[in-house]
Amino acid sequence: MNKKTKTWVISGVAAIVILGGGGYYVANSYMGNNVDIEQVLPASTAASTTDAGTGTTVANEAASAEQLNGDWTISEGSKVYFSVTTSQETVNFVDEQVSGTWAINVDDASQMKAEGQIEMSGIDSGNGQRDGHVKEADFFDVGTHPQATFTATSFEGIPAEWTAGQTVDFKMNGTLTVKGVEKEVTFDAKAAYENNQVLLSATTTVTFEDFGMENPHSVVLSTENDIQVQLELKLDK
């Protein structure tokens, strides 16, 4: 190898290293997580609490059917998250533009109804370039499909009796509609009655493919096909 050829080879390798490293930096910055998931459920689910005034242990009261049954509306502080896992980390998106209702009937779960929606323009990952990209036609196509909706069709395992401040576990089945495509899903859900509110946390997993999308990938980063959807809702009567 002559000196000139050797110089070109070294220069080429250096360029690849620099561009590759720069590409990794850009991709890593583009895909980095900036959103932490905030839980709405109480941190403690103990069956009793301590009275601050007397220091005595007080059993948590049962939430009556009269308190629970009725129409509840998603209120301020509610959020919907969706998360994707890349070859580097899990990236969370949040949408605070959430609305909907839940008709609760603990005496007869078959009478329960729930529906909700988010404004897709509210999607936020803390990275404006990334957010703009996921709203384009290749992904959520927000201009054509400004909302995503969920309609519950059945509830499984909801107990007739709740204890204030404690969570109850159940399944919530229904139809998730994104980009005009309907997908039957089951949310693993927990709910609690606390301070005259119903708090709901629920998760399910769908895929990019379910809604006609391809999971993003590049030479330096790849994204798994699964998307975790997480509801963190506060409801008022």
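Asp 141 sits in the loop between helix H3 (128–134) and strand S9 (147–156), where helices (H or I, at least four residues) and strands (E, at least two) are DSSP runs numbered from the N terminus. This is a predicted model, in which local features need pLDDT of at least 70, side-chain atom pairs count only at pLDDT 80 or more, and totals for chains, interfaces and linings use all residues. Residues are numbered from 1 along each chain as its sequence is written, and side-chain values use heavy atoms, with hydrogens and water left out.

- Asp 141 is buried at 17% relative accessible area; buried means under 20%, exposed over 50% and partly exposed in between, with a 1.4 Å probe and protein chains only.
- Though not a glycine, Asp 141 has a positive phi of about 50°.
- Lys 179 lies in the loop between strand S11 (167–178) and strand S12 (181–194), and its phi is also positive, near 60°.
- With 16% relative accessibility, Lys 179 counts as buried.
- Leaving aside neighbours within four places in sequence, Lys 179 is in contact (heavy atoms within 4.5 Å) with residues including Phe 140, Asp 141, His 145 and Met 213.
- The backbone oxygen of Ala 137 is 3.5 Å from a polar atom of the Lys 179 side chain.

**Thr 207**
- Thr 207 belongs to strand S13 (residues 197–207) and is buried, with a relative accessible area of 15%.
- Beyond its neighbours within four places in sequence, Thr 207 contacts Asn 225, Asp 226 and Ile 227.

Key
A polar contact is a pair of N or O atoms within 3.5 Å; within protein, one must be able to donate a hydrogen and the other to accept it, and residues adjacent in sequence count only if both atoms are side-chain atoms.
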